[in-house]
Amino acid sequence: MRATVTIEKDALDALMKETKTRSKASAVRIAVEEYLRKKKIEKIRSMKGKLKFDMTANEIRHRER
């Protein structure tokens, strides 16, 4: 999918340097993927202590399918 986005040159240059990419598209794609990955981790961490499990990890691992 194509999209037109305005990003400051300094920020984009820093992003390309940090991600070690040669193209702007690759740098932006990596940044977006990393942002989404971190948001998923935050969401999982926010559920800590809110989920209740009836089985232990060992029981789940050795359970017949």
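In this predicted model, R37 and E34 sit three residues apart in helix α2, which is about one turn of the helix. Their side chains meet in a salt bridge, with N and O 2.7 Å apart.

K39 is partly exposed at 39% relative accessibility, while E42 is partly exposed at 47%.

Over in helix α1 (residues 9–19), K9 and D13 are four residues apart, so about one helical turn separates them. They pair up too, with the closest N and O atoms 2.7 Å apart in a salt bridge. Here K9 counts as exposed at 58% relative accessibility, because the cut-off for exposed is over 50%, whereas D13 is partly exposed at 35%. The salt bridge count comes to three.

Then there is the pocket. The largest one holds about 330 Å³ of space. Its lining includes M1, R2, L12, K24 and R29, and it divides into eight nonpolar residues, three charged ones and no polar ones. Helix α2 provides the largest share of that lining, with five residues.

V5, I7, V28 and V32 are also among the lining residues. Together with Y35 and L36, they form a nonpolar patch on the surface, with about 530 Å² of accessible area in total. Y35 itself lies in helix α2, which spans residues 24–46.

How values were computed
Residues numbered from 1 in each chain as written. Predicted model: local features only at pLDDT ≥ 70, side-chain atom pairs only at ≥ 80, totals over all residues. Heavy atoms only, no water. Patch = residues over 30% accessible without salt bridge, like charges linked within 9 Å, V, L, I, M, F, W, Y side chains within 5 Å. Areas by Shrake-Rupley, 256 points an atom, 1.4 Å probe, with all protein chains shown as cover. Salt bridge = Lys/Arg side-chain N within 4 Å of Asp/Glu carboxyl O. Helix = DSSP H or I, 4+ residues; strand = E, 2+ residues; numbered from the N terminus. 1 Å grid on protein atoms, 1.4 Å probe; cavity = no way out; pocket = protein on both sides within 12 Å on 5 of 7 lines; lining within 4 Å. Points joined across faces, edges and corners; volume = space filled by probe spheres on them. Nonpolar A, V, L, I, M, F, W, Y, C, P; charged D, E, K, R; others polar. Buried < 20%, exposed > 50% of the residue type's maximum accessible area, 1.4 Å probe, protein only.
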